[in-house]
Amino acid sequence: MSRTSTHRFSPSEAYRAFVKTGAALPDDLLPLPSVEISDYKSLPEISGVYFFLLDGEPLYIGESCNIRRRLSTHPMRQIVMKDWIIQDRVRIAWIEVSAK
């Protein structure tokens, strides 16, 4: 099964591109654009690094060529959505990474 993408690079290349910029991950992830986990369908269709944040602290960090598509089937999202105790405390934040 082939995977097609409108992006010119793979997720690992996107992550390397982010690292190559020399930008450090912010100490405080709360100012990053984010959505509640239940609102994942409103995530942008962009390449980037994404974060599952539990009360503002990173629970999981990943990368994708299409953040919305990746999160639609992500096992971590499915686990969190089943846990009503933490569900309302989890947000998905992201940093866009584009090819130069």
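Visitor: What makes two strands a pair in this predicted model?

Guide: Two strands pair if DSSP finds at least two bridges between them. In this predicted model, strand 2 (residues 48-54) and strand 4 (residues 90-96) are joined by 7 bridges. The cut-off is at least two bridges, so strand 2 and strand 4 count as a pair. They run antiparallel, and one of the bridges links G48 to its partner E96 in strand 4.

Visitor: How do you know that strand 2 also pairs with strand 3?

Guide: Here too, 7 bridges join strand 2 to strand 3. At least two are required, and therefore these strands pair. F52, for instance, has Y60 in strand 3 as its bridge partner. The hairpin of strand 2 and strand 3 has 2 residues between the strands, and D55 takes a positive phi near 55° there.

Visitor: Why are strand 1 (34-36) and strand 3 (57-64) called edge strands?

Guide: The open sheet has 4 strands in the order 1-4-2-3, with antiparallel pairing. Strand 1 and strand 3 each pair on one side only.

Visitor: Why should residues 1-11 be read with caution?

Guide: Over residues 1-11, pLDDT stays under 50. pLDDT expresses the predictor's confidence on a scale from 0 to 100. Where it is low, the predicted coordinates should not be read in detail.

Conventions: Residues numbered from 1 in each chain as written. Predicted model: local features only at pLDDT ≥ 70, side-chain atom pairs only at ≥ 80, totals over all residues. Heavy atoms only, no water. Contact = heavy atoms within 4.5 Å.
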